[in-house]
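Let me put the thing up on the screen and then walk you through it.

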Amino acid sequence: MLRHMLSQYQGNPCLGKNRLDERWLYCCLCRSGTGRESKDDPTWGEIPKKKKDPTVGEIWKKYDEWLNTGKILPNSDRSYYKNHIEPDFANKALSEISPFDLEKLKIKLMKQGFAQATVKHVLVLVRQIINKAIAWGMWSGENPIKKIKLPTVNNKRERFLTKAEAGKILKALQIVSPLVHDIALLSLHTGMRAGEMFSLNWSHIDIENGLIHIADPKNKRSRKAFMTTTIKDMFASYECGKPGGLRLSVEEGREN
């Protein structure tokens, strides 16, 4: 096919040697049976127009309908779209969205003081909209969000009890279980982990010097925990038995 077309092209006196006429080549395709073959067709010889890529706004209309059946909290996505995506991207074709455009959106939101989590949610929504367009056969390009580094969100929270809160908890635990009360008290005053407390025996307790020897901690390095006066009094209230007699374990109960 291509050889035949080139031979016709080379023998056509109407065409220059250095310019390939797309319309003429398309006519050759039509004559060869791959397109409209009749010269009587008013569109004979015309190059078909490329299908226009959908815009974000056009995809969003279908995505918005899908939200009612595919998402638990659809209004969150609607809010993110209306406030952060629609102004800059609604009329933009998917093929026109570059990674740089998304980087600018990310920087813009961060400069406006939005939390890292919010910025990430907005970018993730852009990713979902484009992914749905691909899945629904509305577009066949590559998702530009793949080349964007999403913000890292730290969901860890540090929460410390006030003295009043700790007092209420200990008072309630004393009624429920003296053993659990003592475990909680020891944890609050020394910062020991549950496994460290449950492994204690009398050989680890040095009331005179106010030290607790933690022999097998989580990080595998032995360390010392310092006793407060409250913890000293707690251990002093126990009857010191054999070296292995102390067991702060809910399963075994408190041994005196």
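Before anything else, when I say contact, I mean heavy atoms within 4.5 Å. Also, keep in mind that this is a predicted model. With that in hand: of the contacts in the protein chain with a separation of 6 or more, 51% are between residues 24 or more positions apart.

So, the overall layout. The protein chain has 10 helices and three strands. Reading from the N terminus, the order goes α-α-α-α-α-α-α-α-α-β-β-β-α. Out of 256 residues, 34% are buried. The chain exposes about 17,400 Å², with carbon and sulfur atoms supplying 52% of that.

Now the helix I wanted to show you, α4, residues 74-89. What is the distance between its end C-alpha atoms? For 16 residues, a straight helix at 1.5 Å a residue would reach 22 Å, but the ends of α4 are only 20 Å apart. And there's a bend in α4, about 45°, at Lys82. As for what's tucked away, the buried residues of α4 include Tyr80, Tyr81, His84 and Ile85.

Okay, over to the strands. They form an open sheet, ordered β1-β2-β3, with antiparallel pairing. At the edges sit β1 (205-206) and β3 (223-226), each pairing on one side only. Strand β2, residues 211-214, is joined to β3 by four bridges.

Notes
Residues numbered from 1 in each chain as written. Predicted model: local features only at pLDDT ≥ 70, side-chain atom pairs only at ≥ 80, totals over all residues. Heavy atoms only, no water. Helix = DSSP H or I, 4+ residues; strand = E, 2+ residues; numbered from the N terminus. Expected span 1.5 Å × (residues − 1). Bend = angle between axes of the 7 residues up to and from the residue. Buried < 20%, exposed > 50% of the residue type's maximum accessible area, 1.4 Å probe, protein only. Pairing = 2+ DSSP bridges. Areas by Shrake-Rupley, 256 points an atom, 1.4 Å probe, with all protein chains shown as cover.
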